[in-house]
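Please keep the sequence and the model at hand while reading.

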Amino acid sequence: MTQNKTYIQSYITIQNNEIVLNGTSVFKIEPTDFTDFSKQAYRNFDIQYPKFFKMDALSKLAFLGSELLLSPITSQEKEENKENNIALVLANKSSSLDTDVKYQESISDKENYFPSPAVFVYTLPNICLGEISIRHQLKSENSFFIFDAFNTEFLFNYSGILLNTNKADTVLCGWVEFFNDSYKAFLCTISKEENEKYKNENINTLYNK
Amino acid sequence: MIREVYIPETNCITPLGFDVPSNVEAILRGDSGIQLHNDIALMPASFYAAIISNEKINSAFEKISTDTKYSRLEKMMILALEPIIKNSGVELNSKTAFILSTTKGNITALKEDSEESFNNAHLDVLAKNVANFFGFKTQPIVVSNACVSGILAVSVAKRMIQSELYDNVFVVAGDEVSEFVLSGFNSFQAMSELPCKPYSKNRTGVSLGEATAAVLVSAEVRNAKIKVIGDSSINDANHISGPSRTGEGLFKSIQNALKEAQIDADKIDYISAHGTATPFNDEMEAIALNRLGLQNVPINSLKGFYGHTLGASGLLETVIAIESVNQNMLFESKGFDEIGVSELINVIEKNEERNIDYFLKTASGFGGCNTAVVFEKMKHELY
């Protein structure tokens with residue numbers, strides 16, 4: 001297989017009540033819970049998408065990160081009437097366990113048994129890929145992986161395979177971890193387009209920044 | 001030149017049998033694993049599902065290990081992998097990867113309120129437990145992409161072999177019937193009151209099932225049972241809990257997979273489809289297949305034999321489809337009677353001898369995901 005070099009185009013980190021885009025803090029508030037943080041971030045960036053409030057925390061986290069990275073690309077493509085081919089490759093440690101635990105609570109007490117389809121649907125980690133695909137109309141490759149820790153080598157290699165086999169023009173890849181109000185998202189866009197900006201850095205150094 | 005990719009080893013653990021030959025015999029007889037169950041630990045009312053008996057799992061497992069620390073699902077996965085790792089003779093070194101695919105893994109561990117049990121509900125822990133049994137040297141890769149997981153794992157394995165990261169990839173897929181999943185599908189009113197009837201006029205929903213399946217995906221042509229020649233996984237970008245009305249994601253997945261395989265749609269001899277027997281899924285598949293001109297190709301859903309085994313289904317159905325190819329036999333789509341999708345498709349009503357050079361495996365799931373993989377029969381040339 002021809003292994004063309006791939007380049008990081010942009011990246012975003014969301015943790016500790018702060019959003020950092022390409023190394024610059026773009027949103028930061030006083031310590032609060034994730035529900036509040038995500039709502040304030042949504043308002044701050046003037047996102048018009050009421051479905052956001054129906055999502056579980058993992059989807060909200062992935063949605064916010066992808067919103068700031070993909071909107072500039074997808075809105076430009078819309079203007080130029082071009083079809084995008086942006087693949088989604090995300091991973092985490094806790095899968096959808098934050099919602100799984102909530103769903104389990106809704107069925108464990110037989111006196112108080114209320115399984116809800118609106119909760120059950122979020123007991124799959126790849127639902128956040130569906131949410132991002134719907135928002136940005138990405139009819140593209142998508143897959144969700146689980147590792148005990150951020151496996152940069154695998155994610156970068158796998159994204160490279162999608163780019164080098166022309167299964168995607170750009171890959172949004174990264175880590176979206178959420179459990180019990182503790183969270184970290186690191187997402188980046190990768191493509192074959194040369195970009196000298198992050199020449200001396202890789203996903204790992206950017207993730208740990 | 002891109003490397004070619006083969007599957008030399010397959011296995012499955014299901015209510016119909018604990019190896020591939022016994023599963024095929026049961027299918028040829030028309031047996032189904034779906035039965036009526038009354039178990040209030042799983043559901044308040046009686047329900048149809050394809051469940052494997054604990055005694056069978058435990059007695060088979062005792063023959064390969066005396067260790068008692070493994071969960072029921074871990075035992076089922078180890079049982080699926082053990083003979084193929086042994087038979088293949090593949091060394092578990094840095095060029096051998098391990099992929100585990102599942103939707104809910106050890107979700108039953110959440111019922112117990114302890115830190116250890118909670119830890120076991122993590123999919124990376126499940127993968128490590130299975131990997132350590134065999135001594136894989138590489139870090140396990142878990143694919144968790146709803147009901148396409150099992151077939152997506154084959155596609156991920158193929159891609160990693162083509163990129164020359166690995167020479168061999170062992171893939172296991174598995175899911176259990178649990179109170180968690182039963183109550184969830186029931187809350188969606190997606191459960192069938194009778195054994196499921198894919199593509200039928202009288203279909204009313206899914207029957208759930210449990211199984212594990214395992215394959216070896218390899219760059220080595222020796223002992224190959226089938227060749228993997230094209231794949232794609234495209235999202236509908238339409239709805240998180242229902243399929244696209246136009247079958248857009250499935251349509252594009254099949255189109256891309258055929259393009260990579262460099263064959264026209266009319267070369268496909270058989271389709272092993274998803275066919276969950278929900279009204280919307282089956283209808284969506286019929287629409288997507290008609291858009292591709294695949295409406296006359298013999299098609300089946302194996303859900304009538306196994307129920308919907310979630311993350312295991314795509315791999316289990318691939319294992320059985322490979323047998324169809326190598327035994328020149330199309331298997332009936334169990335539960336089918338009268339066609340019940342608005343655009344016609346050619347559902348297999350009776351077992352039938354047929355040469356199959358190319359087949360297509362498809363799956364679709366929550367989150368709008370779809371996967372299509374094209375396989376080619378091995379041509380054993382005479383010297």
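## Spaces inside the model

The structure holds 3 cavities of 30 Å³ or more. On a 1 Å grid over the protein atoms alone, a cavity is a set of points where a 1.4 Å probe fits but cannot get out, whereas a pocket is an open set with protein on both sides within 12 Å along at least five of seven lines; lining residues have an atom within 4 Å of a point. Grid points are joined across faces, edges and corners, and a volume is the space filled by probe spheres set on the points.

This is a predicted model, in which local features need pLDDT of at least 70 and side-chain atom pairs count only at pLDDT 80 or more, while totals for chains, interfaces and linings use all residues. Residues are numbered from 1 along each chain as its sequence is written, chains are lettered from A and ligands numbered from 1 in the order in which they are written, and side-chain values use heavy atoms, with hydrogens and water left out.

The largest cavity has a volume of about 90 Å³. Its lining includes A:Phe120, A:Thr123 and A:Leu124 from chain A, and B:Cys147, B:Phe185 and B:Phe366 from chain B.

The largest pocket contains about 880 Å³ of space. Its lining comprises 32 residues, and those nearest its centre are A:Thr165, A:Lys167, B:Asn256, B:Lys259 and B:Glu260. Helix H6 (149–162), strand E9 (226–232) and H8 of chain B are the elements that give two or more residues to this lining. Here helices (H or I, at least four residues) and strands (E, at least two) are DSSP runs, numbered from the N terminus. The greatest contribution comes from H8(B), with 6 residues.

Helix H9 (residues 279–291) of chain B has 13 residues and reaches 19 Å from its first C-alpha to its last, close to the 18 Å expected at 1.5 Å a residue. The expected span is 1.5 Å times one less than the number of residues. Among the buried residues of H9(B) are B:Met284, B:Ile287 and B:Leu289. Buried means under 20% relative accessible area, exposed over 50%, and partly exposed in between (1.4 Å probe, protein chains only). The cover over the buried residues of H9(B) includes helix H8 (248–261) and strand E15 (358–365) of chain B. Just after H9(B), B:Gly293 takes a positive phi of about 75°.

In helix H2 (residues 54–62) of chain B, the residues B:Ile57, B:Ala60 and B:Phe61 are buried. Viewed down the axis of H2(B), these buried residues fall within an arc of 100°, so they line one face of the helix. The arc is that of the directions from the helix axis to the C-beta atoms. An α-helix has 3.6 residues a turn, so residues three or four places apart point the same way. The face of H2(B) turned away from its buried side carries the exposed residues B:Glu55 and B:Glu62. Helix H3 (72–88) and helix H5 (123–134) of chain B are included in what covers the buried residues of H2(B).

## Cysteines

How many disulfides does a search of the whole structure find over all chains? The search finds 0 disulfides, a disulfide being a pair of cysteine sulfur atoms within 2.5 Å.

| Cysteine | Nearest cysteine sulfur | Distance |
|---|---|---|
| A:Cys173 | A:Cys188 | 4.1 Å |
| B:Cys369 | B:Cys147 | 7.3 Å |

A:Cys173 is buried, with a relative accessible area of 1%, and B:Cys369 is buried as well, at 2%.

## Residues in loops

A:Asn180 lies in the loop between strand E6 (170–179) and strand E7 (182–191) of chain A. Its phi is near 55°, a positive value in a residue other than glycine, and A:Asn180 is exposed, with a relative accessible area of 59%. B:Ala146, in the loop between strand E5 (141–143) and H6 of chain B, has a positive phi of about 55° although it is not a glycine. B:Ala146 is buried, with a relative accessible area of 0%.

A:Ser140 is placed in the loop between helix H5 (127–136) and strand E5 (142–146) of chain A. Is A:Ser140 buried or exposed? At 1% relative accessibility, A:Ser140 counts as buried. Leaving aside neighbours within four places in sequence, A:Ser140 is in contact (heavy atoms within 4.5 Å) with residues including A:Asn85, B:Ser233 and B:Asn235.
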